[in-house]
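Biologist: I have a chain open and would like to go through it piece by piece. Can you take my questions as they come?

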Amino acid sequence: MKLVVEVRLLPTPVQASALEKTLRACNEATGWVAEVAFERGVFTNFALRRHTYGQVKDRWNLGAQAAQHGIKKTCDAYATLRTNLRGGP
């Protein structure tokens with residue numbers, strides 16, 4: 001059973017700025033990961049992590065969870081694209 005809860009964040013101006021900075025870093029890092037995946041033809045989660053994980057953490061100063069999540073989302077996006085191009089559901 002899934003439970004959906006709507007939550008509204010009420011950050012202070014300093015917290016809002018930090019959140020925005022973090023989200024922008026995550027988006028930029030994920031875009032870079034997608035470029036690396038395409039250039040190297042590496043689309044599986046574990047293989048792509050070997051090529052990108054350390055650089056994502058260092059270059060964008062992201063934590064492990066954010067770095068791994070961005071890499072996983074990139075792999076999922078390429079898997080969905082591949083399925084759609086093959087005429088899948």
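**Working through the chain**

Modeller: Read along the sequence, the protein chain follows the pattern α-α-α. Keep in mind that this is a predicted model.

Biologist: How many helices and strands is that?

Modeller: The protein chain has 3 helices and 0 strands.

Biologist: And what are the dimensions of the C-alpha trace?

Modeller: Along its principal axes, the C-alpha trace of the protein chain spans about 45 × 35 × 20 Å. The radius of gyration is 16 Å, while a compact globule of 89 residues would have one near 12 Å.

Biologist: What share of the residues is buried?

Modeller: Of the 89 residues in the protein chain, 22% are buried. The chain exposes about 7,100 Å², and carbon and sulfur atoms supply 56% of that area.

Biologist: What share of the contacts comes from residues 24 or more positions apart?

Modeller: They account for 49%, counting the contacts with a separation of 6 or more.

Biologist: Let's look at helix 2. What does it span, end to end?

Modeller: Helix 2 covers residues 45–60 and spans only 19 Å between its end C-alpha atoms. A straight helix of 16 residues would span 22 Å.

Biologist: Where is the kink centred?

Modeller: On Thr52, and the kink in helix 2 is about 50 degrees.

Biologist: Is Thr52 buried or exposed?

Modeller: Thr52 is buried, because its relative accessible area is 1% and the cut-off for buried is under 20%.

Biologist: Which residues is Thr52 in contact with?

Modeller: Leaving aside neighbours within four places in sequence, Thr52 is in contact with Trp32, Val33, Val36 and Ile71.

Biologist: Which other residues of helix 2 are buried?

Modeller: Besides Thr52, they are Ala47, Leu48, Val56 and Trp60. The cover over the buried residues of helix 2 includes helix 1 (13–40) and helix 3 (64–85).

Biologist: You listed Val33 among the contacts of Thr52. Where does Val33 lie?

Modeller: Val33 lies in helix 1. Its relative accessible area is 1%, so Val33 is buried too.

Biologist: What does Val33 touch?

Modeller: Not counting residues up to four places away in sequence, Val33 touches Leu48, Thr52, Val56, Ile71 and Thr74. Take Ile71: Val33 and Ile71 are 38 residues apart along the chain, and their C-alpha atoms are separated by 6.5 Å.

Biologist: Now the end of helix 2. What phi does Asn61 take?

Modeller: Just after helix 2, Asn61 takes a positive phi of about 55 degrees. Asn61 has that value although it is not a glycine.

Biologist: Why point that out?

Modeller: Because most residues other than glycine have a negative phi.

Biologist: Where is Asn61 found, and is it buried or exposed?

Modeller: Asn61 is found in the loop between helix 2 and helix 3. Asn61 is exposed, because its relative accessible area is 69% and the cut-off for exposed is over 50%.

Biologist: New topic. How many disulfides are there?

Modeller: A search of the whole structure finds 0. Cys26 is in no disulfide, and the nearest cysteine sulfur, that of Cys75, is 16 Å away.

Biologist: Is Cys75 buried or exposed?

Modeller: Cys75 counts as buried, because its relative accessibility is 6%.

Key: Residues are numbered from 1 along each chain as its sequence is written. This is a predicted model: local features need pLDDT of at least 70, side-chain atom pairs count only at pLDDT 80 or more; totals for chains, interfaces and linings use all residues. Side-chain values use heavy atoms; hydrogens and water are left out. A disulfide is a pair of cysteine sulfur atoms within 2.5 Å. Buried means under 20% relative accessible area, exposed over 50%, partly exposed in between (1.4 Å probe, protein chains only). Helices (H or I, at least four residues) and strands (E, at least two) are DSSP runs, numbered from the N terminus. The expected span of a helix is 1.5 Å times one less than its number of residues. The bend at a residue is the angle between axes fitted to the seven residues ending there and the seven starting there. Contact means heavy atoms within 4.5 Å. The radius of gyration is taken over C-alpha atoms; the globule rule is 2.2 Å times the number of residues to the power 0.38. Accessible areas come from the Shrake-Rupley method with a 1.4 Å probe; for residues, only the protein chains shown count as cover.
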